[in-house]
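Here's a quick briefing to read with the structure open beside you.

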Amino acid sequence: MQNEILGIIVTSLTFYGGVNEIGGNKILLEDKDTKVFLDFGKGFTTRSKYFEEYLKPRQANGLVDFLKMGLVPKIEGAYRDDLMENAGQQLVEPDIDGVLLTHAHADHADYISFLHEKIPLYMGRTTQNLLKAIQERSSSDFERQVLEYKELGSKRNDPRIQRKIETFRSGKKFKVGSLEVIPIHVDHSVPGAYGFVIYTSEGPVVYTGDIRIHGNKPEMTKEFVRKAKEEKPIALICEGTRITEQTTNESEKVVFTEANKVISKSKNLVFADFNFKDVDRVRTFYDLAKKNNRKFVIKLKDCYYLKYFSKDSGLDIPNYDDEHIVIYKPKQRTGKYAETDYVGDDRYYATLPNAKTAKEISSEPEKYICGLGYFSFNSLIDMDIKSGVSYIHSASEPYNEEQIISEKRLNNWIDKFGMEKHQIHCSGHAKGIDLMATVRYISPKMLFPVHTEYPEAYKKITDKITIVKQNKAYKI
Ligand SMILES: [Zn+2]
Ligand SMILES: [Zn+2]
C-alpha cells in the first residue's frame, strides 16, 4: 500500500471477513504494488444475519445485494464485469494479483464466484479437483462458481467463463508480484488443505487457514508449524475456531472405534450422517462397512466426489463402482425410478448395477451402512423400517439458532422411525490447547486471530496480539 503523502511503501493486512466469525475469511495482503487475497470465502454468519433459505441475495441484482448488506467488501478492480455493469458501476481493470486459497471449504472459497476472471487463483491440485466435484454436483448455484461461471443473463448454451488456476505443491515456492509464497500442507477435515508462509518486503507473514493436530495426518500440520517458526514471522494470522473449548480425547480412530461398537452390535440398518468432503470420515465409514460385512450406501450426488477422490492416489478412496459401494437411487420426477427421471450425469450413476432403491436397501437391513444424513431422511418414508435403526450423527453439534431448530426437526424424524441416536465426531479444527501451543511455539512478532468468535482468548498466552476490526488496514 503506497502512502501518497509520505511516499513510504508499507505492507499491510486488511480483514474483510473472518472477523469475529467462524469463516468467511477474506484477507487482503498488500506489499509494494502487489495485492493478494488470502482466501475469499462466504461468511455464513454474516449472511444469515439478513438472509435465509427463502430470503436470498438476488442473482438478478448482480452484486448489489451482497455489497449493500456487507457480504462482500467494496473494492475497486476486484469483481466481474457483468456484476459491476449490472450494479451500474464503472468498469475498471482488475487490480488484484491473485487469491491464495487454503482449501475448498465454502467459508474460504465460495465468494471467489464474484471475482474478476483475470485474477489468478492459486490452489492445490486436490482443492481444484474437489471444487470441480462441488461444481458438477450443484452447477447452478450463483454463490458457488469458483472455477468457472456464467455471465448474468447468459443463455443455456452460452459458454462458461473459466478462471485462471495455478496449482501449487507443498514446499514449492512460487511468486506473485513482489511476494514469494511457500504453501505447506496441513491436516483439516477436507483433503488438500494448506497453510502459507509469505515473504513480504517487511518480513515473513504466516497464515494457517484451518488446521488441526489431532486428525489422521498430524505430521503435515507439524511440518507447517515448524517451517512457520523457522521463518520468525512478523505476523501470524491464526484460526481460532475452538480456542475456548475444553480438551477432549477426540480422533478419527476414536470415531472408528465408537462407531464400530454401534455397528457390530446391530442387526438393523445403520445411518451415518457426516460431511462427504471429509475424506477421512468417508474412509472411516467405508472401512467400517467392510469390517462388518456391510456395503456402504452413498448418495447419488456423492458419486461426483468419489469420481475425483479416487483419482487422487494420496487419498486412498474407492470409486463409486467399488464392490463395497452401493448408490442410493432416490425417487425423482415420476417416482417410478424410470431412467428418464434422472438428468445429466445423475442418470449415469442412477443406472449403474450397484444403484439400489430404498426398498431394496431396507429389505436386507443388516447388509448396509447408509451414508444418508438428515437431508436424505425422506428415504426413510420409502423404506420398510423396523424400529431400532442406529443413527450416527458424525458432525459437530448444533451451535446456532438455525441448527438448533433443524436439530429439533431431526429428533422428530428419529422418534417417528424409532431410531437410536449416537453422537460420534472428531472436529476439523485444532483444540484450544493445541492452538495456544502452536502460537507460543511459532512466537510471531504479532498475532492476528481470525475465524473465531473469541479472538481475545489468545490474550492468555500473548500480548503481541491485534484484535482485528472488520475492513481496517493494519500496517505490518
Ligand atoms: Zn473455515
Ligand atoms: Zn475449513
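This is a predicted model: local features need pLDDT of at least 70, side-chain atom pairs count only at pLDDT 80 or more; totals for chains, interfaces and linings use all residues.

- Let's start with E11, which covers residues 193-200 and is mostly covered, with seven of its eight residues buried.
- On one side, E11 pairs with strand E10 (residues 179-186); the two run antiparallel and are joined by seven bridges.
- If you want a spot to look at in that pairing, find Ile184, which sits opposite Gly195 of E11.
- E10 and E11 make a hairpin that has six residues between the strands, and Gly192 in the turn shows a positive phi of about 70°.
- E11 also pairs with strand E12 (residues 203-207), again in the antiparallel sense, over five bridges.
- Here the place to look is Tyr199, which faces Pro204 of E12.
- The link from E11 to E12 is a hairpin too, this one through two residues.

- E14 runs parallel to strand E18 (residues 368-370), with two bridges joining them.
- Look for Val270 here: its bridge partner in E19 is Ser390.

**Helices H7 and H8**

- Helix H7 takes in residues 252-265, so to speak 14 residues, and reaches 20 Å from its first C-alpha to its last, close to the 20 Å expected at 1.5 Å a residue.
- Glu252, Val255, Phe256 and Ala259 are buried in H7, and the buried residues of this helix pack against helix H8 (279-291) and E19.
- H8 has 13 residues and spans 18 Å between its first and last C-alpha, close to the 18 Å expected at 1.5 Å a residue.
- Buried residues in H8 include Val279, Arg281, Phe285 and Leu288.
- The buried residues of H8 pack against H7, E14, strand E15 (295-299), helix H9 (303-309) and E18.
- H7 and H8 pack at an angle of about 35°, with their axes 10 Å apart, and their crossing is right-handed.
- H7 brings Glu252, Val255, Phe256, Ala259, Asn260 and Ile263 to this contact, while H8 brings Asp280, Thr284, Leu288 and Lys291.
- By type, the residues of the H7 and H8 contact divide into five nonpolar, two polar and three charged.
- Just after H8 comes Asn293, with a positive phi of about 50°.

**A loop residue: His116**

- You'll find His116 in the loop between helix H4 (106-109) and strand E5 (121-124).
- His116 counts as partly exposed because it has 19 C-beta neighbours inside 10 Å, and a residue needs 20 or more to be buried.
- Leaving out residues up to four places away in sequence, His116 touches Ala78, Tyr79, Arg80 and Pro94.
- His116 and Pro94 are 22 residues apart in sequence, with their C-alpha atoms 6.6 Å apart in space.

Notes: Residues are numbered from 1 along each chain as its sequence is written. Chains are lettered from A and ligands numbered from 1 in the order in which they are written. A residue is buried if 20 or more other C-beta atoms lie within 10 Å of its own, exposed if 12 or fewer, and partly exposed in between; C-beta atoms are placed from the backbone. Helices (H or I, at least four residues) and strands (E, at least two) are DSSP runs, numbered from the N terminus. Two strands pair if DSSP finds at least two bridges between them. Two residues are in contact if their C-beta atoms, placed from the backbone, lie within 7 Å. The expected span of a helix is 1.5 Å times one less than its number of residues. Axes are lines fitted to C-alpha atoms, for helices over the stretch in contact, and angles run from 0 to 180 degrees between N-to-C directions. A crossing is left-handed if the near helix is turned anticlockwise from the far one by less than a right angle, and right-handed if clockwise. Ala, Val, Leu, Ile, Met, Phe, Trp, Tyr, Cys and Pro count as nonpolar, Asp, Glu, Lys and Arg as charged, and the others, Gly among them, as polar.
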